[in-house]
Amino acid sequence: MAVKVYVVYYSMYGHVGKLAEEIQKGASSVEGVEAKTWLVPETLPEEVLGKMGAPPKPDVPVITPQELAEADGILFGFPTRFGMMAAQMKAFFDATGGLWREQSLAGKPAGVFFCTGSQGGGHETTALTAITQLTHHGMVFVPVGYTFGAKLFGMDQVQGGSPYGAGTFAADGSRWPSEVELEHAFHQGKYFAGIAKKLKGSA
C-alpha cells in the first residue's frame with residue numbers, strides 16, 4: 001500500500017501555499033508515496049477577508065480533523081502571528097480533541113513549514129511553539145535539519161527556512177518565495193516522505 005503524506009496548511013495571501021505546492025511535489029517524487037495538499041478551515045468571514053485584501057482560496061480540499069488519522073505522515077504549514085502559528089491553524093488543532101483522546105496520531109511523523117513577515121518576525125519561535133501541538137498528540141517531529149546542504153548557509157540574499165523546516169519571508173506581502181526557498185521546500189517534502197516511508201515499512 002502507498003504511503004500517504006498529507007500537506008496540511010493555512011495561507012491567507014498565498015505564500016505558505018507556494019511552499020505547500022513544492023513540498024507536495026517533493027513528497028510525491030518518492031516512489032511509493034502519495035502526497036496530497038489540504039487547507040484547514042477559514043475562521044474569518046468573507047467580508048473581513050475582503051477588507052484585508054486576501055485573494056480567493058485555491059482549489060484545494062478543506063480537511064476535517066478526523067481525516068488526519070488517514071495519513072501516514074503530516075506536514076503542517078502556516079504563517080506567523082506574533083511569533084506563533086496563525087489562529088486558523090490553532091483553531092484546527094483545537095478541534096482535534098477526539099484524536100488526542102484516542103491518541104490516533106501517536107507515532108505518526110510530522111513536520112512544519114512557515115512564513116513570517118521579516119527575519120526577526122518569528123521564523124524559529126513559530127516552529128518551536130508548534131511542536132507543543134505535535135507533542136500532545138504523541139507525533140514524531142521530523143525536522144529537515146541541515147540535509148538541504150550548503151544552500152541553507154547562503155548569506156548572499158535574504159533567505160527563509162531553517163533546520164526546523166522550509167520557510168519564506170513575505171515582507172509587506174509583495175515578496176514571494178525565492179528559488180532557493182522553493183528548492184528547500186521540495187527537499188523537505190522529499191526528505192520527510194522518505195522518513196515516513198521507512199517508518200511505515202518498519203511498523
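**Where two helices meet**

A: Let's start with helix H1 (residues 15-28) and helix H6 (residues 179-202), whose axes come within 7 Å of each other and cross at roughly 40°. Because of that angle, H1 counts as oblique to H6. Please keep in mind that this is a predicted model. The crossing of H1 and H6 is also right-handed.

Which residues make the contact? From H1 come Lys18, Leu19, Glu22, Ile23, Lys25, Gly26 and Ala27. H6 brings Glu181, Leu182, Ala185, Phe186, Gln188, Gly189, Lys190 and Ala193 to the contact. By type, the residues where H1 and H6 touch are seven nonpolar, three polar and five charged.

Now follow the chain back from H6 to the loop that joins strand S7 (167-169) to H6, where you will find alanine 171. Alanine 171 has a positive phi of about 55°, although it is not a glycine. With a relative accessibility of 47%, alanine 171 is partly exposed.

Another loop is worth a look as well. Between helix H4 (97-102) and strand S5 (109-116) sits glutamine 103. The phi of glutamine 103 is near 50°, again a positive value in a residue other than glycine. How accessible is glutamine 103? Its relative accessible area is 34%, so glutamine 103 counts as partly exposed.

Methods:
Residues are numbered from 1 along each chain as its sequence is written. This is a predicted model: local features need pLDDT of at least 70, side-chain atom pairs count only at pLDDT 80 or more; totals for chains, interfaces and linings use all residues. Side-chain values use heavy atoms; hydrogens and water are left out. Axes are lines fitted to C-alpha atoms, for helices over the stretch in contact, and angles run from 0 to 180 degrees between N-to-C directions. Helices (H or I, at least four residues) and strands (E, at least two) are DSSP runs, numbered from the N terminus. Angles under 35 degrees count as roughly parallel, over 145 as roughly antiparallel, 65 to 115 as roughly perpendicular and the rest as oblique. A crossing is left-handed if the near helix is turned anticlockwise from the far one by less than a right angle, and right-handed if clockwise. Contact means heavy atoms within 4.5 Å. Ala, Val, Leu, Ile, Met, Phe, Trp, Tyr, Cys and Pro count as nonpolar, Asp, Glu, Lys and Arg as charged, and the others, Gly among them, as polar. Buried means under 20% relative accessible area, exposed over 50%, partly exposed in between (1.4 Å probe, protein chains only).
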